[in-house]
Amino acid sequence: MGKNKKKGQSEYFFDYSLLFIVLFLLVFGLVMLYSTSSYEAAQKYGSSTFYLVKQIKATVLGLVGMFIIAHIPYHFWEKFYGLGYIVSAVLLLLIIPFGYKSGGAKRWFRIGGLSIQPAEIAKICMILFCAVMICKMGKKVRDFKGFLLLMAMPLPIVLMVWKITSNLSSAIIIMGIVFIMVFVASPDYKKFVVITVGGLAGVAAIVVAIAGMASNEGMHYRFKRVLAWLHPEDYVSDTGYQTLQALYAIGSGGVWGKGLGQSMQKLGFIPEAQNDMIFSIICEELGLFGAIAIIALFVMLIWRLMVIANNAPDLFGALLVVGVMAHMALQVILNIAVVTATIPNTGISLPFISYGGTAVLFQLAEIGLVLNVARKIPLKEA
Amino acid sequence: MLVDYNKTFHRKKITVTFFVCVAILVFLFGRLVYLMVAKADYYEKKATELHERERSIKAARGKILDCNGTVLADNRTVCTVSVIHNQIEDKEKVIEVLCTELGLSEDYIRKRVEKYSSIERIKSNVDKTIGDRIRNYDLAGVKVDEDYKRYYPYGELGSKVLGFTGGDNQGIIGLEVMYEDYLKGQEGTILTVTDAKGIEVADHGESRIDPIPGGDLHISMDLNIQSYATQLAYQAMENKEADSVSIIVMKVKTGEILAMVNVPEFDPNNPFELTDYALTSISGNDAGLSAEELNLTDKEKQDLLNNMWRNACINDTYEPGSTFKIITAAAGLESGVVTPSSTFSCPGFIVVEDRKIRCHKTTGHGSEDFVHATMNSCNPVFITVGLRMGRDVFYSYFEQFGLLKKTGIDLPGEAATIMHKKDNIGAVELATVSFGQSFQITPIELLVTAASIINDGKRITPHFGVKVTDTQGNVTKEFDYPVQTGIVSEETSAVMREILEKVVSEGGGAKAYIEGVRIGGKTATSQTLPRNSGKYIASFIGFAPANDPEIIAMAIIKHPQGMYYGGQIAAPVVRQLFENILPYLGIMDYNINSVS
């Protein structure tokens, strides 16, 4: 796209396609965020733009950060891989004494009115850490021992994310990012296919076991969520409520949607719809075609990331981009799967669109990183 | 610096990752298509149910009008006051205003105002002026809905026939319950869209389904006759210190009931308030204590209310006594065991098997033909007629006359005839049945059977309901009622009319005689069980004109003090009634008749 235009000025590539996809998602996200949150915000805080303003601040900050990072050569970061790991671990540990509790879970720090979620920082740090580790290990990655080592190294962080911030979804995403990065770095398929199939079979077995349990008295809340996913209409007053409400929203959108701003479900029926459930409101207001547009944008985003990864000047750059790509893809897939009740409810936000300052800040930082990798693609070779 | 180069397999794997992701997204998109196309209607319906709050609008209940179009049962606008918890802004003000305006205790109102519910009813049937006043305070969260309450402009007139309605305007007794489906109409609804907390969403507006008012029921009752008959009944009850008096006036040829009186009546505008009569009926309450002073249990009170609401003409049975001789005579004539000129001798008693049954005239009537025996209401003669027919013949006439079936009147709770089983009828039972004792029958059953005997053997269905009209006055339903013919032959019917006319003109019913009008009738005096209680029921059935009956009337005086003969106390009631209503109905013209 920008290749020919830029020829005279620079011999390197700047991926305007990616930039515009991200900018479009951000703007679209802000419009939908306002539509979704204004009613609740007005009721709760007396200002319909309460969430919007906070999100715009984080987005602007994120865009600034993105442009700065896009101009820092990505190899600059490779020496910080250990520091990133340690910072992630320390931040997660600091949650225990200093964490701020919201909605039943302790996941945030509050610094001067800003909430920061260490799990989001951990994601970018793990991408960097894994990319560096894979490059350092070289051919050792290819054998089984190397594979196990690579999978084991992020485990402490993953466990901390899961246990300390009781955020299973972020833990799964970090694990998934690492898995995909290792998959890309290894030449073979066998063990990855076996693990994937085995993992899915194991999950299926657990679901069947939970579904077969005679009584749900005193059951762990995650098990209950599985039951609520299987039979949302039996758990209306309980964990199934959100799932069912999201289905009502999606279903009542129909093919053409109710029109922007016309959602009924956002009027408190889906609590905090601007967070993880924003996609259901998009479906309700913009219909199936709105949903297609969003999914298509994300496919384009992932496609651009693939193109950049494939053309990255070196393995480190490629792995960084693969990590970002895995991150984006996993969040999008899991979010839509949760919203459509395809998998049990677990809190996963939709990149660039869901409300959440830390998330958008670090997602933009990741894009900045990718843009810098893209800049290093020599045009002659591309 | 890490400078490993991107290998081909890396590129391949990145591409594989991309396509796996795309494949999963396509699958999820398929899921979305399923949810948003195939299941769209289902979820949309569910979501709409969730968003809409429904408030019902009561339909105006149809009126009940008499045969001249006078409204007997009407609707009055009243208000229902309710609160919507989420919309209340000034809770204390709301409680204070509702307290003072509705006169309810603060605790009661506070409990309802503070209750977390979408809408809470504080009080219904609030007077419209009070409702308007509360509305004028313009308090957030207080809703005043207009509503209808049944109103009976003539108070207790015909209360046991019309019945009354309950808290939801549903018919509880009488015509109100019988014609519920026609009267009630169809409730409308107001649908409002609300958010999760139940707050109305302003820009969605309301959708409204208007209620369909109930149809107006036109009945055959004539307010003038009903009110005159009620007056007569109260007079008789007070003069004779009787427990109750019932009067029925019916058109012989159609079965339309013009009046049905059961005094003491009750006030259908306050149906749950025990009347003084109901209270003094409690044994030991001669002092006339009020319901509160008596400390009645709920069940006691309900029993008293049920008793108060009973329509004795159709809900209760009694031993008819001599009025039943109309049936015995018709059966005897029809079967041929007796003719008007058959002669009998009455020594004052008759021996049936081992029993000696006395005539009311203990010295006996001596020799008499059947016409005079009827005029004298001579028991031994009727026993003889009954015995001559025998059990099987007599019983088959009961069936033929329709005595063993209900009349089918359009009022709820008609009681069935209590008759001996055919196999249990011996000579003694046959003898007592012949003059109207040892079995029980409703007044309406007896009246309808007597009417069919004098009406050329045509048995009509007694009824009130004539037609239903909508609010524009268009007839939406006309009722018709079955008529059974061939109850008795026209000849027998003509003979019966003649004999019964003689009863009034020369016999025991002389007190019902009116100069210039041909009136037929039969008196009765029956002792209530137990036989030695000294309590009687005096009754009289009369019809006019005797040669071609149009109107039949019945008066029953229960437990009169002093003089208790039907001929002495019930016959004059019917005479007074006829004197007034026959000219009114155009059956008798004073000027012409007084000359002839």
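Q: How many helices and strands are there in chain B?
A: Chain B has 21 helices and 19 strands. Helices (H or I, at least four residues) and strands (E, at least two) are DSSP runs, numbered from the N terminus.

Q: And what should I know about the model and numbering?
A: It is a predicted model, where local features need pLDDT of at least 70 and side-chain atom pairs count only at pLDDT 80 or more, while totals for chains, interfaces and linings use all residues. Residues are numbered from 1 along each chain as its sequence is written, and chains are lettered from A and ligands numbered from 1 in the order in which they are written.

Q: What percentage of chain B is buried?
A: Of its 596 residues, 43% are buried, meaning 20 or more other C-beta atoms within 10 Å of a residue's own, with C-beta atoms placed from the backbone.

Q: How many residues of β10(B) are buried?
A: Seven of the seven in β10(B), residues 257–263, are buried.

Q: Which way do β9(B) and β10(B) pair, parallel or antiparallel?
A: Antiparallel, over six bridges, with β9(B) covering residues 244–251. Strands count as paired if DSSP finds at least two bridges between them. V249(B) sits opposite A259(B) of β10(B).

Q: Switching to α3(B): what span should it have?
A: 16 Å, because its 12 residues (91–102) are taken at 1.5 Å a residue, and the end C-alpha atoms are 16 Å apart, which agrees. The expected span is 1.5 Å times one less than the number of residues.

Q: What follows α3(B)?
A: G103(B), with a positive phi near 65 degrees.

Q: Now chain A. What is the strand order in its open sheet?
A: The three strands run β1-β2-β3 in chain A, with antiparallel pairing. β1(A) (100–102) and β3(A) (114–116) are at the edges with a single partner strand each, so one side of each has no neighbour in the sheet.

Q: How many bridges join β1(A) and β2(A)?
A: Three, and β2(A) spans residues 105–111. S102(A) is opposite A105(A) of β2(A).

Q: How many residues are in contact between the chains?
A: 45 residues of chain A are in contact with 39 of chain B, contact being C-beta atoms, placed from the backbone, within 7 Å. On the chain A side, α12(A) gives the most, with 11 residues.

How values were computed
Contact = placed C-beta atoms within 7 Å. Buried ≥ 20, exposed ≤ 12 C-beta atoms within 10 Å, placed from the backbone.
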